[in-house]
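Below is a briefing on one chain and its interface with a partner.

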Amino acid sequence: MTGSGAELIRQMVAGDREAFARFYDRYAPLVFPLIQRILRERADASDVLQEVFWEAWQGAAGYDPARGSPEAWLVTRARTRAIDRIRAMRRRSETFVAPLHDALAAAPADPGGDVAERTEDRRTVQHALAQLPSAQREVIELAYYAGLTQTEIAERLKQPLGTVKTRIRLALERLREVVRPTT
Amino acid sequence: MNHEPFDTLAAAYALGALDGEELVEFEAHLAQECARCAVTLRESYEALAALARSAPPAVPPPEVKQALLSRIAAVAPTASPRRERGRGSLPWIAGAAAAAIVAAAFTGAFVAGHYEARLGQTARELTATRQRLEREIAALNDQLAAYRSAADLLRDPATRVVTLRGLGPSPGATGWVIWHQTVGGQLFVANLPPPPPSKTYELWTIGEGAPRPAGVFRVDAEGRATHRVEPVEGGKPVKVFAVTLEPEGGVPAPTGPMVLASAK
């Protein structure tokens with residue numbers, strides 16, 4: 001594959017559609033499973049996928065390599081859009097609970113080798129997630145996949161808000177530790 | 001000040017799990033460009049991005065790529081430089097909006113605390129106090145809605161931020177309008193003294209022809225105001241925003257002194 005993600009984004013700023021196609025091919029296989037996992041419905045996930053990459057094309061000039069990797073830039077956007085949508089759905093229908101149950105299930109299995117660029121770091125992160133105390137993993141998954149806020153998590157788990165906040169902080173400290181660049 | 005509480009807020013923020021007043025508080029803190037939180041957030045986003053790999057595999061629908069490529073081909077690629085330039089002014093204005101939200105939240109907390117104490121004193125006052133509290137909250141919610149709509153507007157590349165400077169009687173006043181030609185926008189004012197009795201401030205939009213009235217607004221005791229500005233009929237462009245002092249209730253054409261105006 002030619003060009004780093006950051007280089008592709010630079011070319012996209014210059015209006016290079018070919019670079020966008022390569023950018024899509026590289027990152028859609030990473031982002032789509034996440035969106036699908038959050039939204040469950042393939043039609044909704046397709047909408048959000050398109051929205052996310054459209055915004056990436058339009059907002060490419062706003063990408064700053066000093067502030068994070070292209071992957072973090074795109075995944076953060078994808079999560080935000082998917083979770084915005086799921087929260088809107090939940091507001092419309094109190095019965096929309098499937099993702100909550102799914103999020104409460106055990107940590108998802110490793111998807112295998114069909115996703116591009118599986119680095120050691122990422123395997124380590126998955127391992128780190130699996131190694132978290134289950135109470136910490138639970139709050140991360142409720143927020144990450146079901147889009148619950150800390151207050152909603154506290155209500156759902158019938159735990160004090162302070163406990164939930166501490167769990168989130170500790171879990172993220174651990175996950176950051178694992179991916180922190182060694183430079 | 002001890003930074004540790006912000007470390008906790010930063011983790012929940014990165015995860016998208018922060019809500020309520022803490023979200024407001026943390027965004028105000030971020031608006032002060034805290035370097036420590038910037039690092040925490042950057043590392044958290046990287047870690048959370050890596051977690052995406054733990055989602056069960058799913059193949060992206062091929063029609064999405066096709067749709068995107070046709071959409072891109074249909075749009076002339078000339079918009080980029082303008083977008084870049086507009087971006088520079090956003091963090092400042094977002095910070096100011098966030099700070100204003102915090103101020104509103106603190107006012108709300110104070111008002112709530114005050115009334116809660118009275119509730120304890122006399123059961124008789126319970127109902128009336130609750131109703132007042134609800135009205136205060138409704139007013140604060142309206143204010144919050146104004147800031148939210150401003151934040152939404154800021155995401156649109158066609159949105160401009162126009163600065164208004166104090167003139168004549170109120171040189172220390174400042175204002176800005178977050179303005180979208182077809183959607184309208186929000187006016188924010190600071191340091192504008194409350195108007196004399198039976199007078200009010202009125203906003204004007206000036207484009208082609210005579211100034212158009214854009215509503216009267218109230219200034220609070222601290223000299224602040226927020227005011228929703230409707231788009232001009234037919235989405236016509238606005239060159240200048242101006243505020244004048246007018247008889248109470250407002251007038252169809254400006255008569256009083258100009259207290260705030262944007263540059264031409």
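The accessible surface of chain A comes to about 8400 Å², and carbon and sulfur atoms hold 50% of that surface; such areas come from the Shrake-Rupley method with a 1.4 Å probe, and for residues only the protein chains shown count as cover. This is a predicted model, in which local features need pLDDT of at least 70 and side-chain atom pairs count only at pLDDT 80 or more, while totals for chains, interfaces and linings use all residues. Residues are numbered from 1 along each chain as its sequence is written, chains are lettered from A in the order in which they are written, and side-chain values use heavy atoms, with hydrogens and water left out.

**Fold of chain A**
- Chain A has nine helices and zero strands, where helices (H or I, at least four residues) and strands (E, at least two) are DSSP runs numbered from the N terminus.
- Of the contacts in chain A with a separation of 6 or more, 63% join residues 24 or more positions apart; contact means heavy atoms within 4.5 Å.

**Burial**
- Of the 183 residues in chain A, 52% are buried, that is, under 20% relative accessible area (1.4 Å probe, protein chains only).
- α7(A) is largely enclosed by the rest of the structure, because eight of its eleven residues are buried.
- The buried residues of α7(A) include Arg137(A), Glu141(A) and Tyr144(A).

**Extent of the interface**
- Chain A brings 65 residues to the contact and chain B brings 47 residues.
- About 5100 Å² is buried between chain A and chain B, with 64% from carbon and sulfur atoms; buried area is the accessible area (1.4 Å probe) that two parts lose on being put together, summed over both.
- On the side of chain A, Gln50(A), Trp54(A) and Arg176(A) lose the most area to chain B, together 12% of what that side buries.

**Polar and charged pairs**
- Five salt bridges are counted between chain A and chain B, each a side-chain nitrogen of Lys or Arg within 4 Å of a carboxyl oxygen of Asp or Glu.
- Glu71(A) and Arg53(B) form a salt bridge, with their closest N and O atoms 3.1 Å apart.

**Make-up of the chain A side**
- The helices that each supply at least two residues to the side of chain A touching chain B include α2 (17-39), α3 (42-58) and α9 (161-179).
- α2(A) gives the most to this side, with 13 residues.
- By class, the side of chain A that touches chain B has 34 nonpolar, 14 polar and 17 charged residues; Ala, Val, Leu, Ile, Met, Phe, Trp, Tyr, Cys and Pro count as nonpolar, Asp, Glu, Lys and Arg as charged, and the others, Gly among them, as polar.

Key
Buried means under 20% relative accessible area, exposed over 50%, partly exposed in between (1.4 Å probe, protein chains only).
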